[in-house]
Protein chains: 4
Amino acid sequence: MKVVAEISIIPMGKGPSVSKYVKKAIEVLKKYNLKVVPNAMGTVVEGELDEVIKAYKEAHLKVLEDVDRVVSQLKIDHRKDKENSIERKLKAIEVE
Amino acid sequence: MKVVAEISIIPMGKGPSVSKYVKKAIEVLKKYNLKVVPNAMGTVVEGELDEVIKAYKEAHLKVLEDVDRVVSQLKIDHRKDKENSIERKLKAIEVE
Amino acid sequence: MKVVAEISIIPMGKGPSVSKYVKKAIEVLKKYNLKVVPNAMGTVVEGELDEVIKAYKEAHLKVLEDVDRVVSQLKIDHRKDKENSIERKLKAIEVE
Amino acid sequence: MKVVAEISIIPMGKGPSVSKYVKKAIEVLKKYNLKVVPNAMGTVVEGELDEVIKAYKEAHLKVLEDVDRVVSQLKIDHRKDKENSIERKLKAIEVE
């Protein structure tokens, strides 16, 4: 059963510009069996729960290789009553 | 000085399907002087800090008209060292 | 009608240790007509919706005085069916 | 290396009162080798990264047993430059 989730990872203490770290995190997410859709505040992913959690953990640790402190967030939307997907959710709110 | 933010609003107690409430919230956000970009887990907005906060508050209250309980989240990315925009942030992580 | 909310403010680019900025933010929150309960990951507040939002905005801007970039989060739990308070919520989950 | 994290789990579609589900989630967290400190908006935990993630996943799935949809959040604060703990973090912001 697929879940839709959002991952955001904030590297602290390396100055205000952190996109190079964020890019590495997104590269990690793309190695997994997930649909990966970055936005301006985080990255939405779709896939099996275990795959999402493993990808999140590796992305978090990847960013921590380069910086002393990371605050990361994983938000999971998980439903049993119907199939959950990025496409279905966007269609439901009429975003093309 | 513009900020980039993400808003998500969860209506509780009305069953698992809540897109009709979320759609109303997005309509509210669009009335404001903001760039509004919905994704599968929330809505990214760009605009002045006060405009973002006012829009968030009205969207939150709009959803609360229809349900007994709402849990909403506002996350603001605010920087002084350079201009902040959805476009710049996506370019920095090389999302077209 | 009171809401219960959680505020967290992350100052970026000033090194991994940021407690002095967080302390200033909490001082700001305490000036408002709110119950203020810091925890290890954020600060829970209780009060009127407008008061919570005003306090959050001032705390966010206070931290931004000292750093180039701030990522802050406001999460509001708002219900109409019964009185909402920190005390009631903790009692409901049997935390003394 | 210990991390400090916050877990919040929102059961959707079962009415506005959800404390009985939240209580079950907290019981799950307590089975793990973690310090567990509930607050009014979530539960702060302290422990090894893998332990935190496993506990979060089980608590998420536990709540999903009883409801059709769950939106959960895990926020991890992970630092390498010094020991991270709930006690140290509270001391740094001068909360007794």
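Modeller: Contact means heavy atoms within 4.5 Å. In this predicted model, local features need pLDDT of at least 70, side-chain atom pairs count only at pLDDT 80 or more, and totals for chains, interfaces and linings use all residues. Side-chain values use heavy atoms, without hydrogens or water; residues are numbered from 1 along each chain as its sequence is written, while chains are lettered from A and ligands numbered from 1 in the order in which they are written.

Colleague: Is Gln73(D) buried or exposed?

Modeller: Buried means under 20% relative accessible area, exposed over 50%, and partly exposed in between, with a 1.4 Å probe and protein chains only. Gln73(D) has a relative accessible area of 10% and is therefore buried. Gln73(D) belongs to strand β4 (residues 69-79) of chain D; strands (E, at least two residues) and helices (H or I, at least four) are DSSP runs, numbered from the N terminus.

Colleague: With which side chain does the side chain of Gln73(D) make a polar contact?

Modeller: A polar contact is a pair of N or O atoms within 3.5 Å; within protein, one must be able to donate a hydrogen and the other to accept it, and residues adjacent in sequence count only if both atoms are side-chain atoms. Here the partner is the side chain of Gln73(B), at 3.5 Å.

Colleague: How should I read the nonpolar core?

Modeller: In soluble globular proteins, nonpolar side chains tend to be buried together. A nonpolar core is a set of buried Ala, Val, Leu, Ile, Met, Phe, Trp, Tyr and Cys residues joined through side-chain atoms within 4.5 Å. The largest one here has 145 residues, of which Leu74(A), Leu74(B), Leu74(C) and Leu74(D) touch the most other members. Leaving out residues up to four places away in sequence, the contacts of Leu74(B) include Ile7(B), Val52(B), Tyr56(C) and Leu74(C).

Colleague: What relates chain A to chain D?

Modeller: Copies are superposed by least squares on the C-alpha atoms of residues with pLDDT of at least 70 in both. A rotation of 180° with 0.0 Å of shift along its axis places chain A on chain D, with an RMSD of 0.0 Å. The two copies are thus related as by a two-fold rotation axis. Leu74(A) is the residue of chain A that comes closest to this axis, at 2.6 Å (C-alpha).

Colleague: And what of chain A and chain B?

Modeller: Chain A is superposed on chain B by a rotation of 180° with 0.0 Å of shift along its axis (RMSD 0.0 Å). For that axis, Asn39(A) comes closest among the residues of chain A, at 3.8 Å (C-alpha).

Colleague: Which strands pair with β3(A)?

Modeller: Two strands pair if DSSP finds at least two bridges between them. Strand β1 (residues 2-12) of chain A pairs with β3(A) in the antiparallel sense over six bridges, with Val4(A) bridged to Glu46(A). Strand β2 (residues 35-38) of chain A is also antiparallel to β3(A), over four bridges, and Val37(A) has Val44(A) as its bridge partner. β2(A) and β3(A) form a hairpin with four residues between them. Five of the six residues of β3(A) (residues 43-48) are buried, so this strand is largely enclosed by the rest of the structure.
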